[in-house]
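Trainee: I would like to learn how to read helix packing, sheets and overall chain size. Can we work through an example together?

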Amino acid sequence: MIKDITLGQFFPTNSLIHKIDPRVKIILISVYIVFLFIAKNFGSLGFMTCITVILMIITKIPLKLYFKGLRPVLFILLFTSVLNVFYGSGEPIWQWGILKVTWNGIQTAVFVSVRIVVLIMISCILTYTTSPTDLTDALERIMKPLTVFKIQVHEIAMMMTIALRFVPTLLEETDKIMNAQKARGADMESGGIVKKLKAMIPVLIPLFVSSFNRAFDLAVAMECRCYRGGKGRTRMKVLKAGKIDVIAVIFSVIVLAGVIVCNVMFPQLTVK
Amino acid sequence: MSDILQVKNLTYKYATGTPFEKTAVDNISFTVRQGEFVSIIGHTGSGKSTLVQMLNGLIKPTSGKVFFNQNDIWKEPKKIRNIRFKVGMVFQYPEYQLFEETVAKDIAFGAKNMGLTESEIQNRVESSVEFVGLEKSFLKKSPFELSGGEKRRVAIAGVIAMNPEILILDEPTAGLDPMGRELLLSQIRQYHEKQKNTILFVSHSMEDVARISDRVLVMNSGHTEYFDTPENVFAQGEHLKNMGLKIPQITQIMNTLSDKGYHVGKGVLTIEKAVEELLTILKK
């Protein structure tokens, strides 16, 4: 069913990672991702992988859910691995026509795959432990310097919040309209791709109409409460960095130092 | 009269196998006869909407069977569409389902899916517009420029145009003003009298239900509580109240009088009947 699609999923638990200030969390996660690319041998990559797994366990979210997050990129993962295996340089261990597998190819394939998997896991940690509203609030704050370039940061953040808020509503509505059209004999399951796309018209039109209506209603409701954009607007919940954030930053600095040390210490583990 | 619809041990569970599992419909069995007007009542969340969506195959029951004219509707899952043409379903707030350029085209959508001929579709569109009390001039308008009440009529006409043997209406009067409600109810009644088909009417307005139904099915947290004539059901005033349902005012008054020891019948549904009963005891 269409309701099974999850987007921007947030799993509330009482873990330490949930308690970190979202601004700090976004910045730290971005830094982790950068360091994931700085890690250049199996030693430092392995170290990053261990840290990621530890972080995943600390979140108290079932590991199964993290692997679910991998499903959409499974194809890209396989595709790049296969390419890497066949495009390595050096002595071939196996050859068939122009296709050759080299030791270097296999190593690169493993290295790149692990890197992609860890990348996805790290981003999952961020989205799984931060509520969408916290996320956009934090983004608004982080992007604030951009106002110098006349970028409407508050408006962008508000649009993101509204968009995220209406994803479940829209899914529910799609489901409802699909059922209503099926009750009138609309056939959405059979036929080729053209027929299937055509069958979506009776669903999409009412969905667009109601979305526009909802947007108008929301605009009126916001204006009734004197919403007039970001200027001079104060917050009910002010984000405040605390002790836990300091700990998170210190922990991250140690991890990052560890990556650099591994890079230097194990040059023999570099992909050859 | 023959049985048109038979429901046996029907159960539906949401989100099976997760901690959020919830039984919406729990082991329900009943039979509806050809030409009956059956109302289904129950407070919000009692499983009414889930139940009716199983009757035309929009939801597949977790267990149990639905028989339409003695045939199991899920016997051939590929042909479930045919059941949906025979068991017409008007959803709650059906106005959101309109999508075509003109009212005529929208009403024809269901009939067209059935693969009828152009002229037959034309006939059905015209007769169904008449049933819901809209003028022919509406046919050329865009459905999006109509008022809420008119849109709802168009949506109902779209289902009637399929000429279903059973018509299911899920709270068709919700959100209409009292005048519009009266009008729509009388049109549904007229349609029923003319077409002689079976109607399942989901509602939580007891006043509506009391006047038009042959039998009333009362649902409470997924179970059938009663399935009887309105008189017999509404005689159970106290019990219905405990289920969060309100019986018609006049029935309430007469039930109270009867409880206080006056010789009036319980389950009186109309003011005329109440006046008659009261006059007889006053004359004594």
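Trainee: At what angle do helix α2 and helix α7 of chain A pack, and how far apart are their axes?

Mentor: Keep in mind that this is a predicted model. Two packed helices are described by the angle between their axes and the distance between the axes. Here α2 (residues 22-38) and α7 (residues 132-143) of chain A pack at about 75 degrees, with their axes 8 Å apart. The range for roughly perpendicular is 65 to 115 degrees, so α2(A) is roughly perpendicular to α7(A).

Trainee: Which residues of α2(A) and α7(A) meet?

Mentor: From α2(A) come P22(A), R23(A) and I26(A). They meet D134(A), L135(A), D137(A), A138(A), L139(A), R141(A) and I142(A) in α7(A). By class, this contact of α2(A) with α7(A) has 6 nonpolar, no polar and 4 charged residues.

Trainee: Next pair. At what angle do the axes of α3(A) and α10(A) cross?

Mentor: Helix α3 (residues 42-58) and helix α10 (residues 243-265) of chain A cross at roughly 155 degrees. Their axes come within 7 Å. Angles over 145 degrees count as roughly antiparallel, so α3(A) is roughly antiparallel to α10(A).

Trainee: Is the crossing of α3(A) and α10(A) left-handed or right-handed?

Mentor: α3(A) passes α10(A) in a right-handed crossing.

Trainee: Which residues make up that contact between α3(A) and α10(A)?

Mentor: On α3(A), look at G43(A), S44(A), F47(A), M48(A) and I51(A). On α10(A), look at V255(A), G258(A), V259(A), C262(A), N263(A) and M265(A). The contact of α3(A) with α10(A) divides into 7 nonpolar, 4 polar and no charged residues.

Trainee: Now chain B. What is the strand order in its open sheet of 4 strands?

Mentor: Read it across as β2-β1-β4-β5 (chain B), with antiparallel pairing. The edge strands of chain B are β2 (22-33) and β5 (71-72), each pairing on one side only.

Trainee: Over how many bridges do β4(B) and β5(B) pair?

Mentor: β4 (residues 63-68) of chain B pairs with β5(B) in the antiparallel sense over 2 bridges. In one bridge, F67(B) has D72(B) of β5(B) as its partner.

Trainee: How many helices and strands does chain B have?

Mentor: Chain B has 11 helices and 10 strands.

Trainee: And what is the radius of gyration of chain B?

Mentor: It is 20 Å, close to the 19 Å that the globule rule gives for 284 residues, so chain B is as compact as a globular protein of that length. Along the principal axes, the C-alpha atoms of chain B fill a box of roughly 65 × 50 × 40 Å.

Note on methods. Residues are numbered from 1 along each chain as its sequence is written. Chains are lettered from A and ligands numbered from 1 in the order in which they are written. This is a predicted model: local features need pLDDT of at least 70, side-chain atom pairs count only at pLDDT 80 or more; totals for chains, interfaces and linings use all residues. Two strands pair if DSSP finds at least two bridges between them. Axes are lines fitted to C-alpha atoms, for helices over the stretch in contact, and angles run from 0 to 180 degrees between N-to-C directions. Angles under 35 degrees count as roughly parallel, over 145 as roughly antiparallel, 65 to 115 as roughly perpendicular and the rest as oblique. A crossing is left-handed if the near helix is turned anticlockwise from the far one by less than a right angle, and right-handed if clockwise. Two residues are in contact if their C-beta atoms, placed from the backbone, lie within 7 Å. Ala, Val, Leu, Ile, Met, Phe, Trp, Tyr, Cys and Pro count as nonpolar, Asp, Glu, Lys and Arg as charged, and the others, Gly among them, as polar. The radius of gyration is taken over C-alpha atoms; the globule rule is 2.2 Å times the number of residues to the power 0.38.
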